[in-house]
Amino acid sequence: MKIIMKTLISAAIAIVASALAAPSLRAQDFDFKTLDKLSAVAKSSTNVTLDGTLLQLAAGFLGSDNDKDAASVKSLVAKMKGVYVRAYEFDKPGQYSESDIAPLRALLKPPKWMTVLETKEGKEWTQIFLAPAANNKIAGLAVVSTDPTSLTVVYIDGELTPGDLEKLSGNMGIPEIHGLSGGKPADPKADNKNKTNK
Amino acid sequence: MNEETGRDLEQELRASLKREAAPPDFAAKLMAKVGAPLPFPKPKPQSWLRRPLTLALAATLAAMAIIPTVVVDHERRERARGLRAKQDLLTALAITRDQLQHAREKVRHTASIIQ
């Protein structure tokens, strides 16, 4: 009886500890399935899912440490646990609906997440969310950007600092990806192998 | 040895070596003996597959031939996977950067309007 009680108590402690140790939103909590179906109707789509070993494998191919930019990206990526991006561009308005993103927006709520920036201009709506963590750190970054003909969702899981966010918004030698700059018109001649052009 | 003695010997030899018909049951007796089991099992020649040393040698040679191919193939696939992941990562970071910069620009624009 004592053994059973001890086991139950240990299991309960383990469950509570694991719940506390993972304050950020996990990738599987994001309902990407709702978004993934949009690639069937989108003019172009980008689907990036990098987690765990695949992310570190990618970092290993980021060039030599002598390259300042590569070293900077490497150090940033080393802090990341997962990088998830879904970006879609549509021919005309109405090819996706707010209900496709609603489950995501519902997840990005306090206390886990806080909206740090929100801009609305006409039908263009961009929200930037951060998951606060202890010691002035950030447990995750999420961006949801929509306009009538494009939809972009970014989720970065990892323990980042405000300085890392500054790096993320800087250039770091990362080449320009045409047609995917938030809300800007798409460039049909974009040469991006990761894009699925329809 | 005179000529007569020689003839006798020849006749004796002919008599003793003359062809005789086999007894009627000879064939049956011979077949019975052939079919009968031997007093001890005749050792069969061992197949090379059952010789441990030969088998070990063959396995070593096969491994030496296969392993480098497998390793090289695995490395090639890992490299391709890594390069694909790197490209995905750069795309993801570029999209993130563009989104953050775009939002920042909007804030700046709004702030300049207010001022």
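Predicted model: local features only at pLDDT ≥ 70, side-chain atom pairs only at ≥ 80, totals over all residues.
In helix α4 of chain A, which spans residues 68-78, the residues Val73(A), Leu76(A) and Val77(A) are buried. Seen down the axis of α4(A), the buried residues fall within an arc of 95 degrees, so they line one face of the helix.

**Helix α4 of chain A**

- On the other side of α4(A), Lys68(A) and Ala78(A) are exposed, whereas Val73(A), Leu76(A) and Val77(A) are buried.
- An α-helix has 3.6 residues a turn, so residues three or four places apart point the same way.
- Within chain A, the buried residues of α4(A) pack against α3 (52-60), β2 (80-89) and α6 (162-168), and they also pack against α3 (52-114) of chain B.

**Chain A as a whole**

- Chain A contains 6 helices and 7 strands, and, read from the N terminus, its elements follow the order α-α-β-α-α-β-α-β-β-β-β-α-β.
- Of the 198 residues in chain A, 32% are buried.
- When contacts in chain A between residues at least 6 apart in sequence are considered, 66% of them join residues at least 24 apart.

- Strands β3(A) and β4(A) run antiparallel and are joined by 7 bridges, and Glu118(A) has Gln127(A) in β4(A) as its bridge partner.
- The hairpin of β3(A) and β4(A) has 2 residues between the strands, and in this hairpin Gly122(A) takes a positive phi near 65 degrees.
- Strands β4(A) and β5(A) pair in the antiparallel sense over 9 bridges, with Thr126(A) standing opposite Ser145(A) in β5(A).
- The hairpin formed by β4(A) and β5(A) has 3 residues between the strands, and Asn135(A) in the turn has a positive phi of about 60 degrees.
- Strands β5(A) and β6(A) are also antiparallel, paired over 9 bridges, and they form a hairpin with 2 residues between them; here Asp147(A) has Ser150(A) in β6(A) as its bridge partner.
- Strand β6(A) pairs with β2(A) as well, in the antiparallel sense and over 9 bridges, and the partner of Gly82(A) in β6(A) is Asp157(A).
- Strand β6(A) is mostly covered, with 10 of its 11 residues buried.

**The contact between chains A and B**

- The contact takes 37 residues from chain A and 25 residues from chain B.
- Several elements of chain A each supply at least two residues to the side that touches chain B, among them β1 (44-51), α3, α4 and β2.
- The element that gives the most to this side of chain A is α3(A), with 4 residues.
- Sorted by class, the side of chain A that touches chain B has 22 nonpolar, 12 polar and 3 charged residues.

**Where α3 of chain A meets α3 of chain B**

- Helices α3(A) and α3(B) pack at an angle of about 90 degrees, with their axes 7 Å apart, and this angle makes α3(A) roughly perpendicular to α3(B).
- From α3(A), the contact is made by Leu54(A), Leu57(A), Ala58(A) and Gly60(A), while α3(B) contributes Arg81(B), Gly82(B), Ala85(B), Lys86(B), Asp88(B) and Leu89(B).
- The residues in this contact of α3(A) with α3(B) divide into 5 nonpolar, 2 polar and 3 charged.

Notes: Residues numbered from 1 in each chain as written. Chains lettered and ligands numbered in written order. Buried ≥ 20, exposed ≤ 12 C-beta atoms within 10 Å, placed from the backbone. Arc of directions from axis to C-beta. Contact = placed C-beta atoms within 7 Å. Nonpolar A, V, L, I, M, F, W, Y, C, P; charged D, E, K, R; others polar. Pairing = 2+ DSSP bridges. Axes fitted to C-alpha atoms, helices over the stretch in contact; angles between N-to-C directions. Parallel < 35°, antiparallel > 145°, perpendicular 65-115°, else oblique.
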